[in-house]
Amino acid sequence: MIPGSPWPHRPDAWQHSAWRHTDPVREESDSALWPAVWDSPEQPHQQGAMNATVDGVLKDFLQTTSTRLPFTSPIEKRLLGWKKGEFKNEQDEKWFEKAVKSLVKKLRKCNGLEKLEKVITTQDGTGECVTIPRSLDSRLQVGTKKGLPHVIYCRLWRYPELSNHHELKSVDHCHYAFHLRREQVCINPYHYNKVDTPSLPPVLVPKTPQNQDTSAIHRLTSDEGPSLDKLGTCLDRLATSGNAATSSTSSWPLNSGYVTDDSNGNISPGSQTMTDLSTSPSITNNSTNIDMESVSYCEPPHWCSISYYETNTRVGENFHASQENVTVDGFTDPSSCERFCLGILSNINRNNVVEQTRKNIGKGVRLYYIGGEVFAECLSDTAIFVQSPNCNQQYGWHPATVCKIPPGCNLKIFNNQEFATLLAQSVNQGFEAVYALARMCTIRMSFVKGWGEEYRRKTVTSTPCWIEMHLNGPLQWLDKVLQQMGSPARPCSSSS
């Protein structure tokens with residue numbers, strides 16, 4: 001070892017008299033930092049080999065140093081220090097570090113770093129916008145993943161449990177909010193507020209009287225049987241109800257016939273499901289003799305159940321969704337609680353049309369349950385088709401309307417607040433009107449192939465691949481109300 005030098009002593013072979021310096025200039029400039037490169041007149045090719053070795057060692061040294069000592073600027077360290085919550089794992093931490101580095105690089109070009117740091121440290125929602133350029137698809141590429149920029153930085157600095165952009169709503173004074181689709185996007189985390197789940201008002205239901213008059217039911221079930229006059233009156237009432245249903249307009253609420261019993265999505269004017277709710281006897285709450293019971297909404301552990309069908313055959317078991325985000329796709333993961341993978345389900349009666357359709361499901365549809373609202377987003381390369389009576393009622397469409405959701409688009413398909421309003425109104429119309437709302441809690445969705453009057457397939461059971469969602473919260477709420485209301489006003493028996 002040469003004293004004062006990090007390099008080992010040259011081998012004896014290098015000091016042999018037969019070896020000589022071939023680059024005296026290099027020796028003068030580099031001898032203090034690097035061992036001289038020696039050359040033999042008998043082996044001139046060794047110089048190139050030695051130079052290549054030195055370059056390789058230097059390159060490896062620089063790469064190792066950059067890996068072990070990541071160069072994080074002071075501003076990046078300060079911004080990372082203001083994060084909310086804890087990272088899920090090391091991979092998640094590295095990804096957010098890359099997101100901060102990417103943001104710092106963008107904001108340096110427009111002198112926005114000071115504004116961002118001030119916003120985060122003061123947590124002031126009245127400050128000005130902090131913007132970055134909007135990409136072509138509105139998403140930000142960080143490493144191998146993409147995400148919406150305002151969601152990424154809101155999750156980092158304000159809402160660590162944030163799932164998606166549906167949970168965020170911009171403040172009124174934000175001029176570059178994400179939904180405005182301007183060339184610049186505001187990523188100020190305090191210009192977005194999280195949408196809270198609204199509390200649903202309880203429904204007031206008349207208590208079932210203990211001394212309820214059961215004489216009509218007794219007469220229908222007695223040994224003597226009903227008289228012909230009574231039967232004639234009952235049939236006249238049914239006929240009158242049928243005529244009223246046939247001539248009814250599309251005013252809401254129409255009927256219980258959001259879809260017919262054969263799941264075809266069409267309404268038959270002559271069917272019993274077309275009974276107009278306005279013909280049901282109303283219950284007046286002004287009477288002082290009627291006690292009212294308050295029935296509240298309770299959130300179930302599984303917000304929906306999903307069944308998969310191929311034409312008119314159900315395939316596989318029901319999927320019970322406990323996560324706020326659920327994806328129904330055509331892949332094969334059997335154990336994810338966030339994905340219902342249709343690719344693993346088998347059916348021995350599957351035909352070629354179903355097989356080809358299944359191959360085109362791809363990423364499928366993502367369902368969000370946020371703030372009492374349900375959204376459907378098409379992730380597939382082909383459109384999905386949705387029949388949601390609640391959505392149709394909101395937009396004033398026919399209850400059996402089927403909506404086409406193109407790739408990359410989303411639609412709100414259910415709203416708990418609107419359902420609560422309809423439920424409160426239906427209670428005043430009687431048992432039948434409340435029972436009819438059960439159809440509103442069912443949503444049907446087909447992949448690739450649509451159905452309806454303008455399609456070759458008129459019924460949902462004619463489509464190759466489709467799913468049926470049952471919204472458990474509204475259904476359980478409806479069940480409590482029906483139990484409290486007792487029996488329908490029009491009793492039915494084998495003789496009626």
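Where is the place of N392? N392 sits in helix α10, residues 389-395. Helices here are DSSP runs of H or I with at least four residues, strands are runs of E with at least two, and both are numbered from the N terminus.

Before going on, some ground rules. This is a predicted model, in which local features need pLDDT of at least 70 and side-chain atom pairs count only at pLDDT 80 or more, while totals for chains, interfaces and linings use all residues. Residues are numbered from 1 along each chain as its sequence is written, and side-chain values use heavy atoms, with hydrogens and water left out.

Now the whole chain. It contains 13 helices and 21 strands. Of its 496 residues, 39% are buried. Buried means under 20% relative accessible area, exposed means over 50%, and partly exposed lies in between (1.4 Å probe, protein chains only). The accessible surface of the chain is about 28300 Å². Carbon and sulfur atoms hold 51% of that surface. Areas come from the Shrake-Rupley method with a 1.4 Å probe, and for residues only the protein chains shown count as cover. Next, contacts, meaning heavy atoms within 4.5 Å. Take the contacts with a separation of 6 or more: 64% of them join residues 24 or more positions apart.

Back to N392. Its relative accessibility is 0%, so N392 counts as buried. A polar atom of its side chain lies 3.4 Å from the backbone oxygen of H398. A polar contact is a pair of N or O atoms within 3.5 Å; within protein, one must be able to donate a hydrogen and the other to accept it, and residues adjacent in sequence count only if both atoms are side-chain atoms. Leaving out residues up to four places away in sequence, N392 touches W397, H398, P399, A400, T401 and C403.

Helix α9 covers residues 352-359. Which of its residues are buried? They are V354, T357 and R358. Seen down the axis of α9, these buried residues fall within an arc of 100°, so they line one face of the helix. The arc is that of the directions from the helix axis to the C-beta atoms. An α-helix has 3.6 residues a turn, so residues three or four places apart point the same way. On the other side of α9, N352 and K359 are exposed. The buried residues of α9 pack against two strands, β11 (304-310) and β20 (442-447). At the start of α9, a side-chain oxygen of N351 comes within 3.2 Å of the backbone nitrogen of V353.

The loop between β14 (339-341) and α9 holds N347. Its side chain makes a polar contact of 2.9 Å with the side chain of E310. The side chain of N347 also reaches the backbone nitrogen of N349, at 3.1 Å. Neighbours within four places aside, N347 is in contact with E310 and V315.

Another loop, between β12 (313-321) and β13 (325-329), holds S322. Is S322 buried or partly exposed? With 36% relative accessibility, S322 counts as partly exposed. S322 and S305 stand 17 residues apart in sequence, and their C-alpha atoms are 9.3 Å apart in space. Beyond its neighbours within four places, S322 is in contact with P301, H302 and W303.

The buried residues of α13 are N472, G473, P474, W477, L478, V481, L482 and M485. Just after α13, G486 takes a positive phi of about 90°.

Finally, the aromatic rings. The structure has twelve aromatic pairs. Rings of Phe, Tyr and Trp (its six-membered ring) pair if their centres lie within 6.5 Å; planes under 30 degrees apart count as stacked, over 60 as edge-to-face and the rest as tilted. W95 and F96 form an edge-to-face pair, 5.2 Å centre to centre with 80° between the planes. W95 is buried at 12% relative accessibility, and F96 is buried at 5%. Y297 and W477 also pair edge-to-face, at 5.4 Å and 70°. Y297 lies in the loop between β10 (292-295) and β11, and W477 lies in α13, so the pair ties together parts that are 180 residues apart in sequence. Y297 is buried at 16%, and W477 at 1%. Y297, F414, F419 and W477 form one aromatic cluster.
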